[in-house]
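Here is a short report on one protein chain. Look at the sequence and the structure first, then read on.

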Amino acid sequence: MAKEDPVDQGMKILARKHPGSFLDLIFSYSCDYSLKVIEDPVLNIPEKRGDSIYILQKGLEKLALHIDFQLIPERDFLRRVFLYNALFTEKLAIPVCSVVIYPEKGNYDTFPDEYRVKVRDDLENSFSFKAIKLWDYRDDIESGKLPGLTPLLVLLEKKPSEKTLEKEKELINSVADKKERADLFSVAITVASRRFTREYLYEFFREEIKMLKEWDIVQEWIKEGELKGKLEGKLEGELKGKLEGKLELISKFLKTRFSPESLKLQKKLNSITNIYILDEITEKLFTSESIEEAKAIIEEAIKIQRQIEDEEKV
């Protein structure tokens, strides 16, 4: 199964846990319907699943909101919105209004709000829906009017910076409810992973991550970190074993070939800790004609190792 895009994943979570902000966004802060239930968006067709479905009610009137998050404004998705609207209408047996939210502008110029099939001038069908370009609401999100959308601020800048993350952190920390705060931080980290490296986010949200260890993405990072540590430890152990084995072999050769004069040279040899340098000089040492030649080879190797170590410090 393909891994879900972090932005798509984050927006679905926000829509499920913070419907108030989405209703304010869709109804321009004047929603006079009450949210009755957030419907399971699964359709009874293989591989068909909507993003979010809200069931709203006003008196006896019921309405379903089908919300679709679209990262790329491609033509195929227009047909899908039309299809899902029809399928949800059939499934729920109440009016269904579709809303498409474009979370980031990217390099696109047009963001459709209609699916149209035209055969000729006098023969065409069209299905229109409400299209919301999230970047048009940046000021509202930054001012705290749409708290449930705070984790999406990072998408509204072409090149988000640490300042953007600081603003998200400030807004989320102003939320009173601890669990809601944790949920928002979790989604903020998930969404930001599309724009920032994992290592950077782990450091930036270090304090917040301490309280989010049960969250999927944090668990994934922890597991990958533990696996990486084990692999690195295993590799380090293997290299150390190989180094020690090769040093012992060369020492025995020097002792046999040049004993007892080679004792000081063996001590020098043991100062080489770079297995790759040792590999380079092994054959040269085995073919050396005199202890002076072997000494020159080892001293040159030690010199190269020091140069490498100095370069790494810079």
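## A ring in the interior

Is Phe-77 buried or exposed? Phe-77 is buried, because its relative accessible area is 0%, and burial means a value under 20%. Keep in mind that this model is predicted.

A search of the whole structure turns up 15 aromatic pairs. In one of them, the ring centres of Phe-77 and Phe-129 are 6.5 Å apart and the planes meet at 65 degrees, so this pair is edge-to-face. Phe-77 belongs to helix α3, while Phe-129 sits in the loop between β6 (123–128) and β7, so the pair ties together parts that are 52 residues apart in sequence. Phe-129 also counts as buried, because its relative accessibility is 6%. Both rings belong to one aromatic cluster, whose members also include Phe-82, Tyr-102 and Trp-135.

## The chain as a whole

Now step back. The chain has 12 helices and 7 strands. It has 314 residues, and 41% of them count as buried. The chain exposes about 18,800 Å². Carbon and sulfur atoms supply 51% of that area.

## An enclosed helix

Helix α2 covers residues 19–26. Of its 8 residues, 6 are buried, so the helix is largely enclosed by the rest of the structure. Which residues of α2 are buried? They are Pro-19, Ser-21, Phe-22, Leu-23, Leu-25 and Ile-26. What covers them includes α1 (6–17) and the strands β1 (34–39), β2, β3, β4 (96–102) and β7 (130–133).

## Positive phi angles

Just after α2, Ser-28 takes a positive phi of about 50 degrees. Tyr-29 has a phi near 65 degrees, which is a positive value in a residue other than glycine. Tyr-29 lies in the loop between α2 and β1. Its relative accessible area is 34%, so Tyr-29 is partly exposed.

Ala-93 is another case. It is not a glycine, but its phi is positive, at about 60 degrees. Its place is the loop between α3 (75–92) and β4. Ala-93 counts as exposed, because its relative accessibility is 66%.

## At the surface

Where is Gly-59 found? Gly-59 is in the loop between β2 (52–58) and β3 (61–69). With 61% relative accessibility, Gly-59 counts as exposed. Gly-59 and Tyr-33 are 26 residues apart along the chain, and their C-alpha atoms are separated by 8.6 Å.

Val-119 is in strand β5, which runs over residues 114–120. Val-119 counts as exposed, because its relative accessibility is 61%. Together with Val-117 and Leu-123, Val-119 makes a nonpolar surface patch of about 260 Å².

How many disulfides does the structure hold? The count is 0. Cys-31 has a relative accessible area of 24%, so it is partly exposed. Cys-97 is partly exposed too, because its relative accessible area is 39%.

Definitions and conventions
Residues are numbered from 1 along each chain as its sequence is written. This is a predicted model: local features need pLDDT of at least 70, side-chain atom pairs count only at pLDDT 80 or more; totals for chains, interfaces and linings use all residues. Side-chain values use heavy atoms; hydrogens and water are left out. Helices (H or I, at least four residues) and strands (E, at least two) are DSSP runs, numbered from the N terminus. Buried means under 20% relative accessible area, exposed over 50%, partly exposed in between (1.4 Å probe, protein chains only). Patches are made of residues with over 30% relative accessible area and no salt bridge: like charges are joined within 9 Å, nonpolar side chains (Val, Leu, Ile, Met, Phe, Trp, Tyr) within 5 Å. Accessible areas come from the Shrake-Rupley method with a 1.4 Å probe; for residues, only the protein chains shown count as cover. A salt bridge is a side-chain nitrogen of Lys or Arg within 4 Å of a carboxyl oxygen of Asp or Glu. Contact means heavy atoms within 4.5 Å. A disulfide is a pair of cysteine sulfur atoms within 2.5 Å. Rings of Phe, Tyr and Trp (its six-membered ring) pair if their centres lie within 6.5 Å; planes under 30 degrees apart count as stacked, over 60 as edge-to-face and the rest as tilted.
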